[in-house]
Amino acid sequence: MRRRIYLMIEKAEDGDKLSWLYDRFMILCILVSILPLCFKDTSHPVFFWMDKITLVIFIVDYALRWSTADYKMLGKRKISFLKYPFTPFAIIDLITILSSLTALNSSLKAFRILRLPKCMKTLKILRYSRGFHLMLRVFRKKKDDLLTVCYLAAGYVLVSALVLFQVEPETFPTYFDSVYWSAITLMTVGYGDFYPVTNIGKAIAIVSSFLGVMVFALPTGIITAGYLSELEHKRNK
């Protein structure tokens, strides 16, 4: 019985209609639970009941997943029930449940930040996405390459910010301001609240932008190659 529950609540495999229906039902519940967050005034009774009904469903789903954790974590059956609450999706589930249980009045400005965890309900949909799980496998296989690129990118942002901070200390009040400029500029956002004003500073910014584009283009190539490799592997199964 528990094994059948596990197969039902996990992402549906081809041919498992009950699991497919459960996935679609949970996606619908997630979308319904997010709907009140799209409105400033959430005091309407309809929103209240939408939140409470989906909360009960999420609690039941969380309990079912916890009670079948030994099937999900096959290699760690003895401690699976202790380890499951600390897995990423279990943490997301728990946060979204607790955020709906709060007794504080979220209409008060000081407590509006408590509505932010409710936005994490959107992440629950990822559990039912085949593409997301495929991408996770790509990240796991390419994690060393991606970490190397991340270190390179972070170092580049810090160094370019340091150079410009030394060249134009009057433009950037603090080193953090120059790091902020470096990050948003290299990512092609460029809000325009900080920018170099001297010719030397502009020249450094031009060189920095060219090199930055090359650095930030590396992860795209790595992920794309890994994704195509996974798709090819999946087709050949």
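# Aromatic pairs and other features of a helical chain

Student: Which residues form one aromatic cluster?

Tutor: Tyr-62, Trp-66 and Tyr-84 do. Keep in mind that this is a predicted model.

Student: And how many aromatic pairs are there?

Tutor: The count is six aromatic pairs. One of them has the rings of Tyr-6 and Tyr-71, with centres 5.9 Å apart and planes at 25 degrees.

Student: Why does that pair count as stacked?

Tutor: Planes under 30 degrees apart count as stacked. The planes of Tyr-6 and Tyr-71 are at 25 degrees, so this pair is stacked.

Student: Where do Tyr-6 and Tyr-71 lie?

Tutor: Tyr-6 is in helix H1, residues 2–9, and Tyr-71 is in helix H4, residues 69–72. The pair therefore ties together parts that are 65 residues apart in sequence.

Student: Are those two buried or exposed?

Tutor: Both Tyr-6 and Tyr-71 are buried.

Student: OK, the whole chain now. How many helices and strands does the protein chain have?

Tutor: It has ten helices and zero strands.

Student: What share of the residues count as buried?

Tutor: Of the 237 residues in the protein chain, 32%. The chain exposes about 15100 Å², and carbon and sulfur atoms supply 71% of that area.

Student: Which residues form a nonpolar patch on the surface?

Tutor: Phe-48, Trp-49 and Ile-53 form one, with about 350 Å² of accessible area together. Phe-48 lies in helix H3, residues 45–67.

Student: New topic, Leu-126. Where does it lie?

Tutor: Leu-126 is in the loop between helix H6 (88–101) and helix H7 (130–141). At 30% relative accessibility, Leu-126 is partly exposed.

Student: What is Leu-126 in contact with, leaving aside neighbours within four places in sequence?

Tutor: Phe-89, Phe-132 and His-133. Phe-89 is 37 residues from Leu-126 along the chain, and their C-alpha atoms are separated by 9.2 Å.

Student: Is Cys-29 buried or exposed?

Tutor: Cys-29 counts as buried, at 6% relative accessibility. Cys-150, with a relative accessible area of 48%, is partly exposed.

Methods: Residues are numbered from 1 along each chain as its sequence is written. This is a predicted model: local features need pLDDT of at least 70, side-chain atom pairs count only at pLDDT 80 or more; totals for chains, interfaces and linings use all residues. Side-chain values use heavy atoms; hydrogens and water are left out. Rings of Phe, Tyr and Trp (its six-membered ring) pair if their centres lie within 6.5 Å; planes under 30 degrees apart count as stacked, over 60 as edge-to-face and the rest as tilted. Helices (H or I, at least four residues) and strands (E, at least two) are DSSP runs, numbered from the N terminus. Buried means under 20% relative accessible area, exposed over 50%, partly exposed in between (1.4 Å probe, protein chains only). Patches are made of residues with over 30% relative accessible area and no salt bridge: like charges are joined within 9 Å, nonpolar side chains (Val, Leu, Ile, Met, Phe, Trp, Tyr) within 5 Å. Accessible areas come from the Shrake-Rupley method with a 1.4 Å probe; for residues, only the protein chains shown count as cover. A salt bridge is a side-chain nitrogen of Lys or Arg within 4 Å of a carboxyl oxygen of Asp or Glu. Contact means heavy atoms within 4.5 Å.
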